[in-house]
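Please work through the following exercises on side-chain interactions with the structure at hand. Each task is followed by a solution in steps.

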Amino acid sequence: MKDVFLHRQALVLNQWALLLVLVLLIATPIRSHAVVAVLLLYSIGYLIANRHTLTVTPFDWVVVVLLLLYLLSRLPVYFWTDQESRYLAPGAHMAALVPIHLMLRHLVTPVDLAGLRRYMEIGVVLGCLGALGVALYQTQVLGTYRADGFLFSINLSYLSCAMAFLAASLIRGSDHKAWLLVAALAGAVTCVLSLARGGILAMPILLLLLLLLNRDKIGGKTIAAGIAGMLLLAVGSYAMLPNVQNRVDYTVAEVTNLADGNIEAAVSSGGRLQLWTAASHAFMARPLIGLGYEEREALNAELVEQGVITEWVLGVSRGHAHSQYFEVVATGGVLGLLALVGYLVVPGLYHWRLCRRDRDNTWAQAGLVFTTGFALYNLTEAAIHHEMMTTFYAYMQVLFVVMGKVEAGCSELEKASNSNL
């Protein structure tokens with residue numbers, strides 16, 4: 001039985017788990033966090049079987065604390081209010097990555113990076129192409145207004161964007177550049193077909209970031225070509241897809257209504273502004289831990305009576321803020337905001353630090369782009385609030401952190417060896 005937890009077997013299982021998470025995420029109705037759940041059970045057995053050689057470093061403890069912050073930040077409001085499991089579920093899913101992180105830190109060696117990269121590339125290519133196939137079938141064959149895959153359209157938007165830029169980030173140093181470029185384009189088109197602006201508006205920012213991170217390899221002409229390609233995709237989508245044109249016109253109309261102060265007419269954007277206003281009042285009502293969901297709904301009713309917001313907000317369950325930032329301060333308060341810094345900002349800074357040291361550290365670059373993407377998606381949606389999204393985000397962060405650190409160790413050894421020569 002112990003043979004199941006040997007290095008070779010553990011590596012193969014983790015490679016396939018990575019591939020399946022990426023393939024299943026947006027291309028199938030099967031929830032990818034089911035794979036992570038199986039991996040969690042395996043990781044516990046792995047840690048027990050290898051406990052005699054397992055060393056938990058200070059670095060590991062920092063990662064463990066960051067993975068626990070989301071859950072810990074929700075405990076006060078959970079016990080203070082109605083003790084619904086919904087308060088703890090996202091944080092619990094993130095905390096479940098603790099044994100997986102410890103397993104990967106014990107398991108992954110420099111020689112394993114190539115194999116993990118190969119499976120990651122296969123997974124992201126199959127995932128992006130599969131998602132595009134579903135999106136095209138829904139919009140071009142079934143005639144639906146917008147693609148939603150097997151999710152809500154806004155979730156498909158930012159997840160397909162995340163997959164697209166994961167593929168693009170892996171191009172550097174890959175032996176399969178053409179396939180990854182095709183996958184990146186497929187993910188981008190899927191994002192556009194969702195017609196959800198959260199992911200679409202993030203794409204040009206992420207493209208610019210990715211191009212700047214690779215300017216030492218690609219040069220100014222390629223950067224200009226990349227920007228031109230994104231503009232061409234935008235113009236082409238508007239010219240060739242009536243649904244995209246309607247969505248752009250709808251957005252222009254919303255901006256006009258907001259500028260004129262006609263918030264009720266701007267249903268989507270105006271609705272979000274009202275939800276953010278309500279969330280701000282929830283924070284001010286109890287700044288340290290925020291309000292529970294029933295308390296927020298009651299507060300929203302009071303705000304409607306006072307004329308601060310309209311009755312439209314009352315139709316939104318739990319007063320959901322449709323922004324990770326406003327959601328964590330409304331139900332979580334200062335503690336929630338501090339936790340957000342821990343699981344969103346700190347990983348981004350770590351990836352950025354590794355990128356500055358070594359531009360060829362693919363995992364640090366991919367992690368930085370991935371984290372920046374979620375920082376943008378979180379502006380208009382609680383992108384790390386649903387259990388599946390939380391699990392995917394935390395799983396990929398653990399992989400990027402572990403693989404980036406291993407890659408950085410290889411670079412430092414190589415530099416030390418060259419200096420000795």
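Predicted model: local features only at pLDDT ≥ 70, side-chain atom pairs only at ≥ 80, totals over all residues.

**Exercise 1.** Determine which residue forms a salt bridge with aspartate 60, and state where the two partners lie.

*Solution.* A salt bridge requires a side-chain nitrogen of Lys or Arg within 4 Å of a carboxyl oxygen of Asp or Glu. For aspartate 60 the partner is arginine 105, with the closest N and O atoms 2.6 Å apart. Aspartate 60 belongs to helix H3 (residues 58-80) and arginine 105 to helix H5 (residues 97-107), so the bridge ties together parts that are 45 residues apart in sequence. The next step is accessibility, for which buried means under 20% relative accessible area and exposed over 50%, with partly exposed in between. Aspartate 60, at 2%, is therefore buried. Arginine 105, at 23%, is partly exposed.

**Exercise 2.** Which parts does the salt bridge between arginine 296 and glutamate 327 tie together, and are the partners buried or exposed?

*Solution.* The closest N and O atoms of arginine 296 and glutamate 327 are 2.8 Å apart. Arginine 296 lies in helix H14 (residues 293-306), while glutamate 327 lies in helix H15 (residues 324-330), so the pair ties together parts that are 31 residues apart in sequence. Arginine 296 is buried, at 2% relative accessible area. Glutamate 327 is likewise buried, at 2%.

**Exercise 3.** How many salt bridges does the count give, and which residues are linked in a network?

*Solution.* Applying the 4 Å rule, the count comes to seven salt bridges. Arg172, Asp216 and Asp360 are linked in a network of salt bridges.

**Exercise 4.** Describe the surroundings of glutamine 138, including what its side chain reaches.

*Solution.* First, glutamine 138 is located in helix H6 (residues 113-141). Second, its relative accessible area is 11%, and glutamine 138 is thus buried. Third, the side chain of glutamine 138 reaches the backbone nitrogen of aspartate 148 at 3.1 Å. Finally, with neighbours within four places in sequence left aside, glutamine 138 is in contact with Gly143, Thr144, Ala147, Asp148 and Gly149.

Technical notes:
Residues numbered from 1 in each chain as written. Heavy atoms only, no water. Helix = DSSP H or I, 4+ residues; strand = E, 2+ residues; numbered from the N terminus. Buried < 20%, exposed > 50% of the residue type's maximum accessible area, 1.4 Å probe, protein only. Polar contact = N/O pair within 3.5 Å; in protein donor to acceptor, adjacent residues only side chain to side chain. Contact = heavy atoms within 4.5 Å.
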